[in-house]
Amino acid sequence: MAQDPLVVHAIINGEQVPTKRRYARENPANPEEIVGYGPLNTQEEAIRAIEAANEAFPTWAATGLDERIERMRRAIAQLKEKTPELAQLLSREHGKALYDAEGEFGISIMWMEYACDTVKDVLQDQDQVQEHDNGKTIITSDAIGVVSAITPWSYPFSLSTIKVAPALLAGNTVVLKPSPFAPLAVTKTMEIISKEFPPRVLNMVHGEAEVGVELTSHPKVAKIAFTGGTNTAKHIMKAAADTIKHMTLELGGNDAAIILPDFDVNDERDLRRLVISNFLTAGQICMLAKRVYVHRSIFDQFIDNYVVAANQWIRVGDPFNPKVTVGPVNNKRQMEYVQSLIDDAKKRGAKVIELGTVLDEELFEKGYFMRPTLVLGAGYDDPIVVEEQFGPTVPILPYDDEEQAIQLANHSIYGLTSSVWGDPEHAIRVARRIEAGTTMINTAAVQGLDVRFPFGGVKQSGIGREYGAEGLRSYVETHVINVPKHLDLPYIPE
């Protein structure tokens, strides 16, 4: 379904800004097709966007919360109307199956609506006037300033609106930079949102390293909201150190799933749910179950039934084919990285089992497609286990007792999400000992996500939380105004 390439622009000072240089975004299912072009903005244009946001900040911060909510609700209404065409665009540029793209928009709009519904209560809960023996104390929630939002290609729409919505509702202004691997649907989305807000409140730039450096080091940027790789985050923290910026960092994950001995290996729905938690979006979600530990007493039967469930659910092909559940990998570099981990596992003696079916062999050979695989016999410290694969492969390993399972799950620099599968009460006891920002019981990944509660990682999976009340509060400063009765300290001499 080739179409004319779409051309998108930066948004600076309320205007779309064409650029001399631009980059192409191909269709991962058919790389010969160019889906569209994004702008390559300069460092100077990034500075212009930051300065525009900074100029707009005082007026926007002083705008009443009711008006901010009303503007966001109008933007949400527009996004709902445009969801079918935006989801199709996202599917073409990203490679995720159409149902998956539509689901991403659904989750994102759910969060934006929740933020609108709750922001007044959440922020006003912090606003207090206390009369006490020593006078009066006023506590307010103040907007922080200019927010740099830097987002990845994995869930580009969701991971942009998770930042933009609370930032704007809290009275901040924003400069957003999307990934060049999925820039088009996000840009069209931000065009829609920005039109509902005053000029300069929401700005957007694309570009290379120099743009990213400006967004993370410029003195007028007050907060960085970043989702992406842990190594990139280390550079961001260094760049931000000179001006001590606020940060919310949602980083890499190598999320463990523990299958307890009381897990019902014959439960087809549970097994299907686990397969989805391994291979949704071709395995390219930060919170997927990327390594699975199964009690040795049920290991062989589990593997047999898992393979059956995987073969039933996994159908690889054209993202627009309604029968397809798994599309291509987003880009060639990621495909080659995942393949290198699989090849390394084979060299180390692991067994690699291909899963599912390929519905269109000709298209499969053309695009960045990979056959989803199960890896058996890998060592606990092999790269396929300890590194974040971020692709359609999963190692499944046996363990002997509960202590070993917990130790294996925690043996990682990451701690984003995790899951425990089995009797719920038993699973909860185990979950309490896992080092992760979120642990799900008998489900995993997006299937267990609830936007009403905070989401984020521990260890090198991040700093701070998004979603929930905590995600809203992360975009305000607490300001204490003291009016004491006794203005002087009695022990200080005249």
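This report describes selected residues, surface patches and salt bridges in a predicted model.

## Basis of the description

The structure is a predicted model, in which local features need pLDDT of at least 70 and side-chain atom pairs count only at pLDDT 80 or more, while totals for chains, interfaces and linings use all residues. Residues are numbered from 1 along each chain as its sequence is written, and side-chain values use heavy atoms, with hydrogens and water left out.

Helices (H or I, at least four residues) and strands (E, at least two) are DSSP runs, numbered from the N terminus. A residue is called buried under 20% relative accessible area, exposed over 50%, and partly exposed in between (1.4 Å probe, protein chains only).

L280 is placed in the loop that runs between α8 (268–279) and β14 (289–295). With a relative accessible area of 10%, L280 is buried. Contact here means heavy atoms within 4.5 Å. When neighbours within four places in sequence are left aside, L280 is in contact with Y99, D100, Y155, I285, L288, W313 and V446. L280 can also be compared with G327: the two are 47 residues apart in sequence, and their C-alpha atoms are 9.2 Å apart in space.

## His246 and its surroundings

H246 belongs to strand β12 (residues 246–250). Its relative accessible area is 29%, so H246 is partly exposed. Leaving aside neighbours within four places in sequence, the contacts of H246 are I144, A222, K223, I224 and E477. One of these, E477, is 231 residues from H246 along the chain. The C-alpha atoms of H246 and E477 are separated by 9.8 Å.

## Surface patches

Patches are made of residues with over 30% relative accessible area and no salt bridge; like charges are joined within 9 Å, and nonpolar side chains (Val, Leu, Ile, Met, Phe, Trp, Tyr) within 5 Å. Accessible areas come from the Shrake-Rupley method with a 1.4 Å probe, and for residues only the protein chains shown count as cover.

A nonpolar surface patch is formed by L489, Y491 and I492, which together have about 360 Å² of accessible area. Y491 lies in the segment after β23 (476–484) and counts as exposed at 65% relative accessibility.

## Salt bridges

Side chains of opposite charge can pair when their charged atoms come close. A salt bridge is defined as a side-chain nitrogen of Lys or Arg within 4 Å of a carboxyl oxygen of Asp or Glu. By this rule the model has 21 salt bridges. One of them joins D66 and K120, whose closest N and O atoms are 2.3 Å apart. D66 lies in helix α2 (residues 65–94) and K120 in helix α3 (residues 98–126), so this pair ties together parts that are 54 residues apart in sequence. K120 is partly exposed, at 29% relative accessibility.

K80 forms a salt bridge with E113, and the closest N and O atoms are 2.5 Å apart. This pair links distant parts of the chain, with K80 in helix α2 and E113 in helix α3, 33 residues apart. Both partners are partly exposed: K80 at 44% relative accessibility and E113 at 25%. In the salt bridge between E403 and R433, the closest N and O atoms are 2.7 Å apart. E403 is partly exposed at 46% relative accessibility, as is R433 at 40%. Finally, D344, R348 and D382 are linked in a network of salt bridges.

## Positive phi angles

N13 is not a glycine, yet it has a positive phi of about 60 degrees. N13 lies in the loop between β2 (10–12) and β3 (15–17) and is partly exposed, with a relative accessible area of 38%. A445, also a residue other than glycine, has a positive phi near 60 degrees. A445 is located in the loop between β21 and β22 (462–463) and is buried, with a relative accessible area of 2%.
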